[in-house]
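Please examine the structure shown below.

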Amino acid sequence: MVLVGQVNTELVGFINKLGGKAVGLSGVSGDIYHCHQRDEVHGYVGDVDYVDPKPIFAMLDAGYIPVVAPVGTDGQGHTFNINGDTAAGKLASALGAEKLVILTDIEGLCNDIKVRDVISYLNIQDVKALKDKGTIAGGMIPKVDCCVQAIEEGVTSVNIIDRSVLHSRVSASNGKTYTQFIIGGHIQ
């Protein structure tokens, strides 16, 4: 459980170092992520059935920043790893979040990864065609799928952004590009 024991702890420490009051949680805590085993082939990989946001709201109401590791339980004592992007999208939806930012190691979704031409705005109705074309492939598939699902479940703004330029997106745009998901033909 590297995600719970090491990565989560490091993120909490980093936030606290910056002056925040972070608390590390596992998705098993309070049954935040209730899931089932995907299949026998994938072993301890789970798919989310539902998210209980009450433990997160309790932490927020108490003034803490919850850092939730993407691990869930089936309620029968079995623990499963969940794709981090999928877990984030499901949590954003359950919390009624307005915005979701997915971090990656490239600028965003690209038409051609070799030349890094970022798709700035993506209409969710165009996702299937981009998958069929191969533009959305590999590790970008769960990122895009979680973005589409979050939009469909009420999150109004979803961005895929390069983690190395996160500060510029949060503070103000400085010419960096990223992918923003939209519904229909307009930005929400």
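The residues that line the largest cavity of this predicted model divide into two nonpolar, four polar and two charged. These lining residues are Thr86, Gly89, Lys90, Ser93, Cys146, Gln149, Ala150 and Glu153. The elements that contribute two or more residues to the lining are α3 (84-95) and α5. Of these, helix α3 supplies the largest share, four residues. The volume of this cavity is about 30 Å³, and a search of the whole structure finds one cavity of 30 Å³ or more.

Helix α5, which spans residues 140-152, also holds Lys143. Leaving aside residues up to four places away in sequence, Lys143 touches Asp85, Ile102, Leu103, Thr104 and Ile160. One of these partners, Asp85, falls within the residue range of α3 (84-95).

The confidence of the prediction should be kept in view when reading the model. The protein averages a pLDDT of 84, and 85% of the residues score at least 70. Over residues 168-175, however, the pLDDT is below 50, and this stretch has six contacts in the model beyond near neighbours in sequence. A further stretch, residues 184-188, also stays under 50 in pLDDT. For residues 184-188 the model has eight contacts beyond four places in sequence.

Technical notes. Residues numbered from 1 in each chain as written. Predicted model: local features only at pLDDT ≥ 70, side-chain atom pairs only at ≥ 80, totals over all residues. Heavy atoms only, no water. pLDDT = per-residue confidence, 0-100. Contact = heavy atoms within 4.5 Å. 1 Å grid on protein atoms, 1.4 Å probe; cavity = no way out; pocket = protein on both sides within 12 Å on 5 of 7 lines; lining within 4 Å. Points joined across faces, edges and corners; volume = space filled by probe spheres on them. Nonpolar A, V, L, I, M, F, W, Y, C, P; charged D, E, K, R; others polar.
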